[in-house]
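Here is a briefing on one protein chain, arranged by topic. Keep the sequence and the 3D view open while reading.

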Amino acid sequence: MTTATTPSHGPLTGVRVVELAGIGPGPFAAMLLADLGADVVRVDRPGGPGLALDPAYDITHRNKRAVTVDLKAPGGPARVLGLAARADVLIEGYRPGVAERLGIGPEPCHARNPRLVYGRMTGWGQDGPLAPRAGHDIGYIAVTGALGLIGAPGTPPAVPANLLGDYAGGSLYLVVGVLAALHHARATGTGQVVDAAIVDGTAHLTAMIHGMLAAGAWQDRRGANLLDGGCPFYGTYETSDGRYMAVGALEQRFYEEFMALLGLPDHARDRDDPARWADLRATVAARFRTRTREEWTAVFADSDACVAPVLGLREAPHHPHLAARATFTDHGGLTQPAPAPRFSATPATVRTAPAGPDAGTDAEAVIRAWDTPGPHPTHPHRKAGQ
């Protein structure tokens, strides 16, 4: 709980989280909790996670502290259990059974701290025939049907980076589960295990589409539906300078405004006849190719036509609306997304740069703040006796 001597950094101020370091959705979930004010301590293995990215640029490690523990060395698991005894939440992303073999699974953690919320982040889940198998985002979203939704007809499915599986279907569902379980633990005094699987979360994201499919309002193929680029008033179009505009003029009045500003009011009725959609798309595409992206952006500015420029990652922070809202922020020389969502009473901020392995005096600070029992976590830069 927040005290007079503990400044609030967000709605989760006072919540302690242990993150057993991994890659992908686990670190992102822990970053989100840290952004919201939780005190997140990342437990690194000696040598780091094995990613090529310089830790100083790994934004998913912002707002955290880091310690290094060799879980295969004598006393290593006891150090993690010492942290778990003082924590509200623990997050791990190992394959099923690995945490148990290391001696830091749910059973020993709950023996030390019955209120602990133990969050498990995997692709396939804790059980099922594929649970022990390796995998990555693209495979998880493939088997859920989500990947097959994306892309033009007659072409391979488009890969949505690792946003849909790792982060939407994985991290965000882990955070929802952890916060729900934390609420339950505080009400009852009993913690529990949260099994967050990317396949489960991604499948859950397709709920509305499955409803439309059952109602006959969605065809089970790409580029043939209202929201997958199948209709000419919901998609992207190339401009004369080789860039793109995004169109989402679904409602009738927005569509009419779109066609008027595009200069094609005589084609407004074509939206109601899917048989004319191919010709309408060709007409709209030809029109967009007559001007640059900047020129079309000016045409549709301050309108309800639901048209926006498709921006690159370096361009996005400079968009007038995003700049006005400070959707991106600069911290430690890194331009990065600001914490989200926003809170009126307990605003969240970027407090610290990405924490490197056992950065600075993190180990000592955690021991003091958490009053952890047992020996100090391993410090890779400290010689014996120091």
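Arg-112 lies in helix H4, which covers residues 106-112. In this predicted model, Arg-112 is partly exposed, because its relative accessibility of 39% falls between the cut-offs of 20% and 50%. The C-alpha atom of Arg-112 is 8.1 Å from that of Gly-82, although 30 residues separate the two along the chain.

**Helix H2**

- Gly-82 is one of the buried residues of helix H2.
- Helix H2 spans residues 76-86, and nine of its 11 residues are buried, so the rest of the structure largely encloses this helix.
- The buried set also includes Gly-76, Pro-77, Arg-79 and Val-80.
- Leu-81, Leu-83, Ala-84 and Ala-85 are buried in H2 as well.

**Gly-169 in helix H6**

- Gly-169 is found in helix H6, residues 163-188.
- Is Gly-169 buried or exposed? Gly-169 counts as buried because its relative accessibility is 0%.
- Leaving aside residues up to four places away in sequence, Gly-169 touches Leu-164, Ala-197, Ile-198, Gly-201, Thr-202 and Leu-205.
- Gly-154 sits 15 residues from Gly-169 along the chain, with 26 Å between their C-alpha atoms.

**Salt bridges**

- How many salt bridges does a search of the whole structure find? The search finds 11.
- Glu-100 and Arg-120 form one of them through their side chains, with an N to O distance of 2.9 Å.
- This pair links distant parts of the chain: Glu-100 is in helix H3 (residues 98-102) and Arg-120 is in strand S5 (residues 117-122), 20 residues apart.
- Glu-100 is partly exposed because its relative accessibility is 40%. Arg-120 is buried because its value is 5%.
- Glu-92 joins Glu-100 and Arg-120 in a network of salt bridges.
- Arg-243 and Glu-315 form another salt bridge, with their closest N and O atoms 3.7 Å apart.
- Arg-243 is partly exposed at 40% relative accessibility, and Glu-315 is partly exposed at 28%.
- The side chains of Arg-276 and Asp-273 meet at 3.5 Å, N to O, in a further salt bridge.
- Arg-276 counts as partly exposed at 43% relative accessibility, and Asp-273 counts as partly exposed at 29%.

**The S7-S8-S9 sheet**

- Three strands make an open sheet in the order S7-S8-S9, paired antiparallel.
- S7 and strand S9 (307-309) are the edge strands, each pairing on one side only.
- Neighbouring strands in this sheet are turned against each other by 20° on average, direction ignored.
- Strand S8 (residues 244-248) pairs with S9 over three bridges, in the antiparallel sense.
- Which residue of S9 is the bridge partner of Ala-246? The partner is Ala-308.
- Helix H11 (residues 293-300) packs on the sheet and touches S8 and S9. The direction of H11 makes about 30° with that of S8.

**The S10-S11 hairpin**

- Strands S10 (residues 328-331) and S11 (residues 334-337) run antiparallel and are joined by four bridges.
- Two residues lie between S10 and S11 in this hairpin.
- Gly-332, in the turn, has a positive phi of about 60°.
- Thr-329 stands opposite Gln-336, and His-331 has Leu-334 as its bridge partner.

**A nonpolar surface patch**

- Met-208, Leu-226 and Leu-227 make a nonpolar surface patch of about 250 Å².
- Leu-226 is in the loop between helix H8 (207-214) and strand S7 (234-238).
- Leu-226 is partly exposed, with 36% relative accessible area.

**The whole chain**

- The protein has 13 helices and 11 strands.
- Of its 386 residues, 42% are buried.
- The C-alpha atoms fill a box of roughly 80 × 45 × 40 Å along the principal axes.
- The accessible surface is about 19,600 Å², and 57% of that area belongs to carbon and sulfur atoms.
- Among contacts with a separation of 6 or more, 66% are between residues 24 or more positions apart.

Notes: Residues are numbered from 1 along each chain as its sequence is written. This is a predicted model: local features need pLDDT of at least 70, side-chain atom pairs count only at pLDDT 80 or more; totals for chains, interfaces and linings use all residues. Side-chain values use heavy atoms; hydrogens and water are left out. Patches are made of residues with over 30% relative accessible area and no salt bridge: like charges are joined within 9 Å, nonpolar side chains (Val, Leu, Ile, Met, Phe, Trp, Tyr) within 5 Å. Accessible areas come from the Shrake-Rupley method with a 1.4 Å probe; for residues, only the protein chains shown count as cover. A salt bridge is a side-chain nitrogen of Lys or Arg within 4 Å of a carboxyl oxygen of Asp or Glu. Buried means under 20% relative accessible area, exposed over 50%, partly exposed in between (1.4 Å probe, protein chains only). Two strands pair if DSSP finds at least two bridges between them. Axes are lines fitted to C-alpha atoms, for helices over the stretch in contact, and angles run from 0 to 180 degrees between N-to-C directions. Contact means heavy atoms within 4.5 Å.
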